[in-house]
Amino acid sequence: MALAGIINEEKYGTDARSANEMIDRLTSIEWYSQVGVKCSEAEKKVNQFMSAIGVSEYKIKWISAAQVSEAISCLSFERSMLWEVLKELPDQLKEKIDASGSEKLLADIVDKVPDAVFHGAYKQAFNTFRDEKAIKFLVGHAMYISILACTAELACEENPFSFIVELLADGHLPLGPEGNTFYLL
């Protein structure tokens, strides 16, 4: 369900073009289509993401679709090197965006991207997991990752979330950490 030009490029210029390209990628994802299928390429993308944000202490643990609800309840940012980096990243990206004068574009992205991603993520989460708690979590997860990916794109730097978007586009689910263990489906 790609949405051509959700952000007005005439109003915002070339920055909006790169944001729209990311939004098109996000709205074209067939969410969760490969959960439960182990793949070394998926692990490689997680490793690339971790390297891009400077996290070196972690291990990847594959889980099945049946384990998602239990894993969600175990997610913890305590003693997580990933969280130590991620908790600062949104503010760092926003500072760069503010310095470039693109804060109105960011506000537009934050307003529009969750709606653009919601329906596709919800439909696939419902069809794949069926558990209400998991569905709610995963839809929020999809919207949050999408906003971070678009924000990093707007900050005009190497976008570490491009690896996560590729992982999602491949149908996998980077669920998140329990300490320094990163759950992947």
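Author: On a 1 Å grid over the protein atoms alone, a cavity is a set of points where a 1.4 Å probe fits but cannot get out, and lining residues have an atom within 4 Å of a point. The model is predicted, so to speak of local features takes pLDDT of at least 70 and of side-chain atom pairs 80 or more, while totals for chains, interfaces and linings use all residues. Residues count from 1 along each chain as its sequence is written, and side-chain values use heavy atoms, without hydrogens and water.

Reader: Which residues line the largest cavity?

Author: One cavity of 30 Å³ or more is counted. The largest cavity is lined by Met-50, Glu-57, Tyr-58, Leu-82, Pro-177, Gly-179, Asn-180, Thr-181 and Phe-182.

Reader: How many residues in that cavity lining are charged?

Author: Asp, Glu, Lys and Arg count as charged; Ala, Val, Leu, Ile, Met, Phe, Trp, Tyr, Cys and Pro as nonpolar; the others, Gly among them, as polar. The lining of the largest cavity has five nonpolar and three polar residues, and the charged number one.

Reader: What is the volume of the largest pocket?

Author: A pocket is an open set of points with protein on both sides within 12 Å along at least five of seven lines. Volume is the space filled by probe spheres set on the points, which are joined across faces, edges and corners. For the largest pocket the value is about 410 Å³.

Reader: Which element gives the largest share of the lining of the largest pocket?

Author: The lining has 19 residues, and closest to the pocket centre are Leu-86, His-141, Tyr-144, Ile-145 and Leu-175. Two or more lining residues each come from helix H5 (81-86), H8, helix H9 (161-169) and strand E2 (174-178). Elements are DSSP runs numbered from the N terminus (helices H or I, at least four residues; strands E, at least two). The largest share, six residues, belongs to H8.

Reader: Are H6 and H8 parallel or oblique?

Author: Axes are lines fitted to C-alpha atoms, for helices over the stretch in contact, with angles from 0 to 180 degrees between N-to-C directions. Helix H6 (residues 89-99) and helix H8 (residues 132-154) have axes 9 Å apart, at about 40°. Under 35 degrees is roughly parallel, over 145 roughly antiparallel, 65 to 115 roughly perpendicular, the rest oblique. H6 and H8 are therefore oblique.

Reader: Which residues of H8 meet H6?

Author: Contact means heavy atoms within 4.5 Å. From H6 come Pro-90, Leu-93 and Ile-97; from H8 come Tyr-144, Leu-148, Thr-151, Ala-152 and Leu-154.

Reader: Which residues of H9 meet H8?

Author: H8 and H9 pack at about 135°, axes 9 Å apart. That makes H8 oblique to H9. On the H8 side are Ile-145, Leu-148, Ala-149 and Ala-152; on the H9 side are Phe-161, Ile-164, Val-165 and Leu-168.

Reader: How many residues in the contact of H8 with H9 are nonpolar?

Author: This contact has no polar and no charged residues. Its nonpolar count is eight.

Reader: Is H2 roughly parallel or oblique to H9?

Author: The axes of helix H2 (residues 14-27) and H9 come within 10 Å and cross at roughly 30°. That makes the pair roughly parallel.

Reader: Which residues of H9 meet H2?

Author: H2 brings Met-22, Arg-25 and Leu-26. H9 brings Ser-162, Val-165 and Glu-166.
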